Amino acid sequence: MSDTPFGFGLPPEEPDDGDEGKKKDPQSGGGQGPANPFGFGTPGAGGFGGPGADNPFAAMFGSLNPNDLGAAFQQLGQMLSYEGGPVNWDMAKQIARQTVSQGTAEGSKDASVGPADRRAVEEAVRLADLWLDDATSLPSGANSAVAWSRAEWVEATLPAWRELVDPVAERVGNAMGDVLPEEMQAMAGPLIGMMRSMGGAMFGTQIGQAVGVLAGEVVGSSDIGLPLGPARRAALLPLNIETFGKDLGVPQDEVRLYLALREAAHQRLFAHVPWLRSHLFGAVDGYARGIKVDTGKLEDVVGQFDPQNPEQLQEALQQGMFQPEDTPEQKAALARLETALALVEGWVDAVVHAAAKPRLSSADALRETLRRRRASGGPAEQTFATLIGLELRPRRLRDASRLWASLTDARGVDGRDALWAHPDMLPTATDLDDPDGFVHREQIDFSELDKMLGEAADKPDLRKKDEGEGENKGDGTE
């Protein structure tokens with residue numbers, strides 16, 4: 001759980017000098033972790049796009065020259081007239097693309113992927129799939145392999161971000177419009193509409209900045225253990241892979257191949273375990289439903305809101321208006337999500353290690369590097385905590401990986417992978433505490449039950465006959 005109320009915070013900052021990329025705010029911690037709810041600071045606070053660019057207005061005007069003011073006012077009008085869902089996704093996309101174009105804090109600029117890099121990615125994924133055939137019974141899950149630029153990653157993953165973030169944003173947006181008494185809502189219609197538009201812009205700005213920063217860090221479409229890209233499409237980012245492997249002392253082709261193994265393993269799992277995606281996304285949605293809004297504080301803000309002073313709303317948000325509700329339902333949703341992520345990442349870790357260890361001399365070093373990246377809360381986890389208040393960190397990655405490895409030794413590859421057939425067959429958080437007990441426990445066999453249910457469904461006439469006989473017997477006894 002994030003340390004700040006509701007987990008909303010400022011995404012990692014771009015350097016003050018933009019293109020040169022050498023200076024950061026020493027108090028920001030390098031942009032590590034949430035700083036305040038929603039992440040919108042006051043004008044002049046610094047950040048993306050120049051002074052005060054960490055709110056939707058400054059993000060629009062902070063770095064403009066006078067010749068661009070017409071376009072900026074047009075964009076402002078579009079923002080205030082927005083009547084879509086809880087997040088202004090057009091704004092999110094635009095700001096994400098702008099953030100990508102500015103480059104990373106280290107000065108790395110995005111670039112189109114050339115033919116050589118595309119061929120290298122396709123060959124790496126193809127070879128990775130061949131190696132994985134010996135390590136898992138799940139067949140290949142990727143119909144194609146693509147090499148993305150950072151901008152292409154933004155375009156391809158926004159639909160998944162929308163599915164993940166909208167439930168949280170909708171709950172907050174509804175609270176902003178529902179705090180007034182019903183008899184006053186008709187009179188305050190324009191004000192409520194403006195607040196909803198501003199709320200959509202705030203979320204859009206926050207998400208656009210966070211996703212844009214994340215695009216400079218990720219190496220594929222499944223870095224956080226969730227399928228962010230299109231189904232059955234293995235994707236790698238050559239530029240980010242080069243940056244990731246720069247100081248590891250490992251040949252670049254080995255780094256690319258190891259990351260291709262991880263991407264291809266994720267693709268197999270999500271392609272052939274059809275319930276898994278909805279299980280993970282459903283846990284996020286369940287968590288969102290447990291969010292509690294401090295309506296008393298929100299009522300005070302609405303009653304005193306001055307449309308000419310949008311910072312007033314922003315300051316109220318920074319005071320902790322949104323609190324996670326500590327209910328059994330929300331605890332269960334969070335535990336379910338954390339355990340499922342640990343099992344996904346642990347399975348990928350174990351399978352990739354089994355495939356890479358005999359073939360890559362750097363397999364152990366790369367495995368440990370990626371484990372530490374996940375365990376320490378890399379940029380992906382920090383960004384997700386910023387967006388929806390959850391830290392998608394598989395806290396028990398090593399425990400889950402050991403459990404899957406033990407299952408392989410005890411039951412073989414087929415027996416291990418068969419557990420993905422049904423969610424009730426998977427290990428629980430308690431099982432991660434006692435992996436040996438789970439490995440040697442007699443497992444429930446759902447195949448016979450499914451067979452019986454299928455046979456019953458295929459015999460409707462027999463069921464009707466039995467019902468008819470029952471009715472006749474009843475008639476005879478009366």
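Throughout this report a residue is called buried when its relative accessible area is under 20%, exposed when it is over 50%, and partly exposed in between, with a 1.4 Å probe and protein chains only. On that scale Gly114, at 24% relative accessibility, counts as partly exposed. Gly114 is found in the loop between α3 (89–102) and α4, and its C-alpha atom is separated by 9.0 Å from that of Ala147, 33 residues apart along the chain.

The model is a predicted one, in which local features need pLDDT of at least 70 and side-chain atom pairs count only at pLDDT 80 or more, whereas totals for chains, interfaces and linings use all residues. Residues are numbered from 1 along each chain as its sequence is written, and side-chain values use heavy atoms, with hydrogens and water left out.

**Overall make-up**

The protein has 20 helices and four strands, where helices (H or I, at least four residues) and strands (E, at least two) are DSSP runs numbered from the N terminus. Of its 478 residues, 50% count as buried. With contact meaning heavy atoms within 4.5 Å, 76% of the contacts between residues at least 6 apart in sequence join residues at least 24 apart.

**Helix α4 and its surroundings**

Helix α4 (residues 115–132) has 18 residues and reaches 26 Å from its first C-alpha to its last, close to the 26 Å expected at 1.5 Å a residue; the expected span is 1.5 Å times one less than the number of residues. Its buried residues are Ala120, Val121, Ala124, Val125, Ala128, Asp129, Trp131 and Leu132. Seen down the axis of α4, these buried residues fall within an arc of 165°, so they line one face of the helix; the arc is that of the directions from the helix axis to the C-beta atoms. The face turned away from the buried side carries the exposed residues Pro115, Arg126 and Leu130. The packing partners of the buried residues of α4 are β1 (144–147), β2 (233–236), α8 (238–244), α9 (252–272) and α13 (328–356).

A nonpolar core is a set of buried Ala, Val, Leu, Ile, Met, Phe, Trp, Tyr and Cys residues joined through side-chain atoms within 4.5 Å. The largest such core has 90 residues, and those with the most contacts inside it are Trp153, Trp161, Leu276, Leu280, Trp347, Trp404 and Trp420. The largest share of this core, 13 residues, comes from α13.

**Charged residues**

The structure holds 20 salt bridges, each defined by a side-chain nitrogen of Lys or Arg within 4 Å of a carboxyl oxygen of Asp or Glu. Three of these pairs are listed here.

| Pair | N to O distance |
|---|---|
| Glu155 and Arg97 | 2.5 Å |
| Arg268 and Asp129 | 3.0 Å |
| Glu163 and Arg277 | 3.1 Å |

Arg268 in helix α9 and Asp129 in helix α4 are 139 residues apart, and their pair links distant parts of the chain; Arg268 is buried, and so is Asp129. Glu155, by contrast, is partly exposed, with a relative accessible area of 32%, and Arg97 is partly exposed at 36%. Elsewhere, Arg396, Asp399, Arg402 and Asp433 are linked in a network of salt bridges.
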